[in-house]
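Dear colleague,

I am handing over the structure below, together with notes on what was found in it. Please read the notes with the coordinates open beside you.

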Amino acid sequence: MAIYIDPPTWPGHGRMWSHLVSDTSFEELHAFAARIGIPRRAFERDHYDLPAERYAEAARAGAVEVGCKELLRRLTEAGLRRPKHRTAPGEVA
C-alpha cells in the first residue's frame with residue numbers, strides 16, 4: 001500500500017540513480033510514476049530508475065524514503081521481485 005524510494009546511490013550514465021518500487025502492485029507503481037511524470041521507459045523489470053535530481057520530488061509526492069536493503073525486502077515480500085535472470089509471466093527471455 002505504499003511506494004518506496006531508495007537514496008540515489010546507484011551510478012550509471014554519468015548520474016546517480018534511485019529505485020522506485022511498490023509493495024502492492026505494478027499498477028500502483030505505474031500510476032504513481034505517471035502522476036509525477038516519470039516516463040514508462042524508466043521502468044525496468046520491477047522498478048523505476050529515477051535520477052537523483054527527481055528524488056525529492058518523488059518523496060514530496062508520497063514515496064517513502066528507505067534504504068536499499070529495506071526497499072529490496074519490501075519488494076521481495078510483496079512477491080514483485082523480478083531478478084535479471086527471470087522473466088515475468090508471459091514475457092519472452
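Is Phe26 buried or exposed? Phe26 is buried, with a relative accessible area of 13%, where buried stands for under 20% relative accessible area, exposed for over 50% and partly exposed for what lies in between, with a 1.4 Å probe and protein chains only.

Please keep in mind that this is a predicted model, in which local features need pLDDT of at least 70 and side-chain atom pairs count only at pLDDT 80 or more, whereas totals for chains, interfaces and linings use all residues. Residues are numbered from 1 along each chain as its sequence is written, and side-chain values use heavy atoms, with hydrogens and water left out.

To begin with the overall fold, the secondary structure of the protein chain comes to three helices and six strands, and from the N terminus on the elements follow the order β-β-β-α-β-β-α-β-α; helices (H or I, at least four residues) and strands (E, at least two) are DSSP runs, numbered from the N terminus. The radius of gyration of the protein chain is 12 Å, close to the 12 Å that the globule rule gives for 93 residues, so the chain is as compact as a globular protein of that length; this radius is taken over C-alpha atoms, and the rule is 2.2 Å times the number of residues to the power 0.38. Buried residues make up 42% of the 93 residues, and of the contacts with a separation of 6 or more, 54% are between residues 24 or more positions apart, a contact being heavy atoms within 4.5 Å.

Strand E3 deserves a look next. Six of the eight residues of E3 (residues 15-22) are buried, so this strand is largely enclosed by the rest of the structure. Strand E1 (residues 3-5) pairs with E3 in the antiparallel sense over three bridges, with Ser22 in E3 as the bridge partner of Ile3; two strands are taken to pair if DSSP finds at least two bridges between them. Strand E2 (residues 10-12) also pairs with E3 in the antiparallel sense over three bridges, and Trp10 stands opposite Trp17 in E3. Trp17 has Pro51 as its bridge partner in E5, and E3 and strand E5 (residues 47-51) pair in the antiparallel sense over four bridges.

E2 and E3 form a hairpin with two residues between them, and His13 in the turn has a positive phi of about 55 degrees. At 80% relative accessibility, His13 counts as exposed. Arg45, in the loop between E4 and E5, has a positive phi of about 60 degrees although it is not a glycine, and Arg45 is partly exposed, with a relative accessible area of 24%.

As for the aromatic side chains, the structure holds two aromatic pairs, for which the ring centres of Phe, Tyr and Trp (its six-membered ring) must lie within 6.5 Å, with planes under 30 degrees apart counted as stacked, over 60 as edge-to-face and the rest as tilted. Phe26 and Phe43 form an edge-to-face pair, at 5.8 Å centre to centre and with 80 degrees between the planes. This pair links distant parts of the chain, since Phe26 is in helix H1 (residues 26-35) and Phe43 in strand E4 (residues 43-44), 17 residues apart. Ring pairs link Phe26, Phe43 and Tyr48 into a cluster.

With best regards
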